[in-house]
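Hello,

Here is the structure I promised to pass on. Please have a look at it first, and then read my notes below.

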Protein chains: 2
Amino acid sequence: MFHHIVLLELQPDTPDDAVDELVDSLRRLPDVIETIRTYRVERDAGLAADNATVAVVAGFDDEDGFVVYRDHPVHQAVIAELIRPRLVRRSALQHHD
Amino acid sequence: MFHHIVLLELQPDTPDDAVDELVDSLRRLPDVIETIRTYRVERDAGLAADNATVAVVAGFDDEDGFVVYRDHPVHQAVIAELIRPRLVRRSALQHHD
């Protein structure tokens with residue numbers, strides 16, 4: 001498996017509804033991107049003030065499957081319309097099993 | 001389950017041996033911190049230049065188990081001696097199942 005982990009820190013004034021819309025839009029990606037094998041999108045539990053806002057943890061058969069996801073137009077639309085306008089910073093990492 | 005995800009970006013001049021030592025030290029924590037249920041420490045695969053360096057993905061029975069891990073002196077020693085001196089930035093998130 002090839003794993004992809006992303007932490008998104010959104011602007012602190014991001015409305016709760018906007019975070020929900022972003023999370024829901026990401027959670028629909030496995031319906032349209034067939035290389036996704038496992039996919040979790042989670043909101044922070046709120047224990048630490050400097051935490052990220054949303055985590056994405058995704059699994060693919062291999063690096064090629066990840067690249068299909070990364071570059072998929074529906075994914076890119078979610079990034080451009082719902083994530084980037086609210087983003088403070090993004091941290092990511094990929095690893096093999 | 002209560003999940004904890006951390007991405008560590010280390011200084012780009014960090015020697016490979018120092019990253020290995022840090023990863024190995026973290027991977028020994030489940031031997032001494034009994035509230036850890038699942039624990040993965042992974043180095044970045046190197047696909048993107050702006051990626052984090054090391055990911056930690058940990059699972060606990062509940063928030064209390066996470067707090068024991070967070071504050072454990074052996075964990076704090078790894079942070080103080082091996083992580084903090086090399087750290088550019090840290091991003092973290094916790095979530096319930």
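Predicted model: local features only at pLDDT ≥ 70, side-chain atom pairs only at ≥ 80, totals over all residues.

Let me start at the axis between the two chains: Ser91(A) is the residue of chain A that comes closest to the rotation axis, with its C-alpha at 3.4 Å. Chain A is superposed on chain B by a rotation of 180° with 0.0 Å of shift along the axis, at an RMSD of 0.0 Å. The two copies are thus related as by a two-fold rotation axis.

Residues are numbered from 1 along each chain as its sequence is written, and chains are lettered from A and ligands numbered from 1 in the order in which they are written.

Now the interface. 18 residues of chain A are in contact with 18 residues of chain B, where contact asks for C-beta atoms, placed from the backbone, within 7 Å. On the side of chain A that touches chain B, E1, E2 and E4 each supply at least two residues. The largest share, 6 residues, comes from E4(A). By type, that side divides into 9 nonpolar, 5 polar and 4 charged residues. Here Ala, Val, Leu, Ile, Met, Phe, Trp, Tyr, Cys and Pro count as nonpolar, Asp, Glu, Lys and Arg as charged, and the others, Gly among them, as polar. Because 100% of the interface residues of chain A are also interface residues in chain B, the copies meet through the same surface.

On to the fold of chain A. There are 4 helices and 4 strands, and from the N terminus they run β-α-α-β-β-α-α-β. These elements are DSSP runs numbered from the N terminus, helices being H or I of at least four residues and strands E of at least two.

The 4 strands form an open antiparallel sheet in the order E2-E3-E1-E4. E2 (36-43) and E4 stand at the edges with a single partner strand each, so one side of each is left without a neighbour in the sheet. Pairing here requires that DSSP finds at least two bridges between the strands.

7 bridges join it to E3 (residues 54-60), and the two run antiparallel; Val6(A) stands opposite Val56(A), and Leu7(A) opposite Ala55(A). Towards E4 (residues 87-96), also antiparallel, E1(A) has 9 bridges, and His4(A) stands opposite Gln94(A) there.

How buried is E1(A)? 9 of the 9 residues of this strand (residues 2-10) are buried, so it is largely enclosed by the rest of the structure. Both faces are covered, with Phe2(A) and Leu10(A) among the buried residues on one side and His3(A) and Glu9(A) among those on the other. A residue is buried if 20 or more other C-beta atoms, placed from the backbone, lie within 10 Å of its own, exposed if 12 or fewer do, and partly exposed in between. Of the 97 residues of chain A, 29% count as buried.

Finally, the overall dimensions: the C-alpha atoms of chain A fill a box of roughly 35 × 25 × 15 Å along the principal axes.

Best wishes

Note on methods:
Contact = placed C-beta atoms within 7 Å. Least-squares fit on C-alpha atoms with pLDDT ≥ 70 in both.
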